Amino acid sequence: MPRARSSAAPAGAEAARVAVAPASAPARAQPSPAQKALHKLGLVRDIDLALHLPLRYEDETRITPIRNARDGDSVQIEGTVVACEVQLRPRRQLLVTVEDETGSCELRFFSFYPSHQKTMAVGARLRVRGEIKGGFWGRQMLHPAFRLAGGELPAALTPVYPTVAQLPQAYLRRAVAGALLRVDLSDTLPPDADPPVHHFHDQNGVQRLWNLREALSFLHHPTPDVALATLQDHSHPAWQRLKAEELLAQQLSQLQSKRERARLRAPVLRAGGSAGAPLHEQLLAVLPFALTGAQRRVGEEIARDIARPVPMHRLLQGDVGSGKTVVAALAAAVCIDAGWQCALMAPTEILAEQHFAKLIGWLEPLLAARGQRVAWLVGGQKKKERAAMLALIASGEATLVVGTHAVIQDSVQFRNLALAVIDEQHRFGVAQRLALRQKLADHGMEPHLLMMSATPIPRTLAMSYYADLDVSTIDELPPGRTPIVTKLIADSRKDEVIGRIGAQVAAGRQVYWVCPLIEESEALDLSNATATHADLSEALPGVMVGLLHSRMPGAEKKAVMDLFKSAQMGVLVSTTVIEVGVDVPNASLMVIEHAERFGLSQLHQLRGRVGRGAAASACVLLYSTNDSGRLGETARDRLKAMAETNDGFEIARRDLEIRGPGEFLGARQSGDALLRFADLATDTLLLDWAREQAVAMLDRHPALAERHVQRWLGGKSDYLKA
Ligand code: ADP
Ligand code: MG
């Protein structure tokens, strides 16, 4: 069967070629499927190939006497075929026995071709590589690699590269080997910039560092005496060298963009541009509460930033419910007071509405008193309404523009946008942030940018990925919040939980039921939520149970939300897509089904939707025990963190431990800027070195710095600057 496929592939590729080539196109060599696959993997330049490191290695450098091969060993043996036969029971298979002077080993193939039998005919001498099963009573290898014996043994381990189906390992090996010969790997580190990594003894017994060329040659073709564990855990000096260089490239790139940004101009935003009391003071006066100390502190940090003629690039982080929106609103007020426009954006329409509704309720009358308007821009707006909004924005009559990323589409012309606030910034793409920066181009300036996130970034990440970002942190919740009690319950006890819902609703409370997100399939998500909705409706007679999911038309969503907000609806079933922005203080119980499928930080955000009122609130995390008892246990262990702490920072720290940095970086991933080699959790020494070195290098060796960044990041460095 694989044969048939391999002979069909070129024909298919041929057909595709004919189909895409325009009739008049000049005759040019078309890329082969393997070449295309290389490009797809990002292996374009020689340096990309040189930095494409093996996943693991195979040791073909020696032959193990069969007698010495133990159960579980991966070995290469050499022997003569003494038997070769096809067996039909219990299933069709090819059995081949090879023998050397020390013992024998049986090779077993469940799929095979006539050519196999020919190569492994009795009397043939074979070199066979695979994992030994069994021991003294009979050694076996299942589907080993084999070829006729002969030829020299290689001196180095054989690399096995990460690859894809269209890119055969042998082709990739040749491509990498070729690239290693061609590529310029001259040092870019200044002579006085040795990274803090282990030295090694060269042939002359001199202690020195691996340079990049040595490190890479070694990692592609290590000598067989290497301790494989040090390659696996990246602690080998050659790995250390690579990690140091990678971190340096990343730090340099971020520092460059920080310095570039410092040269850009932005409007100076200071309150007091209009007559009467400044807008932010008016806003403070209508707020039904006093700011917390933390809110005041970060508010001042932001006010200082936007009063400077350099674009702000600040992340405001604070736990769910810590009151970030008010802080953003105060900045907006200063901006508007100074005579400029401000945009507030959230990733979805519902979030925009939910996050900013209160705020707009407070600001709108104050703006109206000045003859100014608030404009809304969301995806599904009617043409006429949208046109009206666009006019308000272009004329400058709307000084506050609220919405989704529809706000930064090309067709939206601001009169003078000076401050953009992005809520849940990790859900915005790099391209969107770049587009935003263009919005003030007519003035030769860039707007100030304030990003908000309830997923706090752990310190190492902030240092590493957000080196060009200033961070403000709200580390205090407003007073009077009742802590949320979190319980982990196996889903086999779902009925009990439903009983508890009944009691809550009878006591006049409201309940959220969050259905699991099935990434691969929105349709499955939906059918799941629909089924849950039906189940709950049946189990809770007399209670209004609503359903909210991402595919619903906006008006329908709004109708459901309104019923829930007005407390007519007791239970709201929803998928996560829409959940995060809901603010209903009377809701005091949240049930999250298949909680094990969520990230901890995501669960924390969800949980933050209850506990907003005075009533004691609870969050029930249902975890699945269906799959197998053990899986259930692991899931529970991971979720324990949720029950143990309500502190979003602590949860983020544990999430980082469990899931790695990807989760936190969100859109930055799309820039492929994630570290490939270094690990922020363990390579802190190298990171410290890279941070320090980056400053010195940019000042004293700018040409080397540029070469270093180009080598490591190529075209990707732009993404890091967004
Ligand atoms: P988040 O940081 O999650 O965006 P919000 O800004 O939505 O938090 O605030 C959560 C709730 O707390 C809102 O209802 C808001 O009005 C209220 N709030 C904000 N600051 C304070 C404060 N200092 N005292 C009391 N309530 C506050
Ligand atoms: Mg918020």
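In which loop is Ala567 found? The first legend answers this, after two notes that apply to every view. This is a predicted model, in which local features need pLDDT of at least 70 and side-chain atom pairs count only at pLDDT 80 or more, whereas totals for chains, interfaces and linings use all residues. Residues are numbered from 1 along each chain as its sequence is written, chains are lettered from A and ligands numbered from 1 in the order in which they are written, and side-chain values use heavy atoms, with hydrogens and water left out.

**View 1. Backbone angles at Ala567, His594 and Pro90.**
Ala567 is found in the loop between α18 (554-565) and β21 (571-575), where helices (H or I, at least four residues) and strands (E, at least two) are DSSP runs numbered from the N terminus. Phi of Ala567 is near 70 degrees, a positive value although the residue is not a glycine. Its relative accessibility of 42% makes Ala567 partly exposed, a class that lies between buried, under 20% relative accessible area, and exposed, over 50%, with a 1.4 Å probe and protein chains only. His594, in the loop between β22 (587-592) and α20 (600-607), also has a positive phi, of about 50 degrees, without being a glycine, and His594 is buried at a relative accessible area of 16%. A cis peptide bond, with omega about 0 degrees, joins Arg89 and Pro90, and Pro90 has its place in the loop between β2 (74-87) and β3 (93-99). As background, most residues other than glycine have a negative phi, and most peptide bonds are trans.

**View 2. The open sheet of seven strands.**
The strands follow the order β13-β14-β12-β15-β16-β11-β17, with parallel pairing, and two strands are said to pair if DSSP finds at least two bridges between them. β13 (373-377) and β17 (470-474) stand at the edges with a single partner strand each, so one side of each has no neighbour in the sheet. From one strand to the next, the twist averages 20 degrees; axes are lines fitted to C-alpha atoms, for helices over the stretch in contact, and angles run from 0 to 180 degrees between N-to-C directions. Within this sheet, β11 (residues 313-318) and β16 (residues 448-453) run parallel and are joined by five bridges, and Leu316 has Met452 in β16 as its bridge partner.

**View 3. Helices α10 and α13 across the strands.**
Helix α10 (residues 293-306) lies across β11, β15 (417-422), β16 and β17, and runs at about 155 degrees to β17. Helix α13 (residues 383-395) lies across β12 (341-345), β13 and β14 (398-403), and runs at about 130 degrees to β13.

**View 4. The surroundings of Ser322.**
Ser322 lies in the loop between β11 and α11 (324-337), and at 1% relative accessibility Ser322 is buried. The side chain of Ser322 reaches the backbone oxygen of Asp319 at 2.7 Å. Not counting residues up to four places away in sequence, Ser322 touches Gln295, Ile474, Glu476, Leu477 and Pro478, contact meaning heavy atoms within 4.5 Å.

**View 5. Ligand 1 and the residues around it.**
Of the 18 residues around ligand 1, those that come nearest are Gly321, Lys324, Thr325, Lys358 and Arg481, and a residue is near a molecule if one of its heavy atoms lies within 4 Å of it. A nitrogen atom of ligand 1 is 2.8 Å from an N or O atom in the side chain of Gln295. An oxygen atom of ligand 1 is 2.6 Å from a polar backbone atom of Gly321, and a polar side-chain atom of Thr325 lies 2.7 Å from an oxygen atom of ligand 1. Taken alone, ligand 1 exposes 570 Å², and the protein buries 84% of that; accessible areas come from the Shrake-Rupley method with a 1.4 Å probe, and for residues only the protein chains shown count as cover. Polar contacts are pairs of N or O atoms within 3.5 Å; within protein, one atom must be able to donate a hydrogen and the other to accept it, and residues adjacent in sequence count only if both atoms are side-chain atoms.

**View 6. Strand β4 with β3 and β6.**
β3 and β4 (residues 104-109) pair in the antiparallel sense over six bridges and form a hairpin with four residues between them. Thr97 stands opposite Glu106 in β4, and the bridge partner of Glu106 in β6 is Gln140. β4 and β6 (residues 139-142) run parallel and are joined by four bridges.
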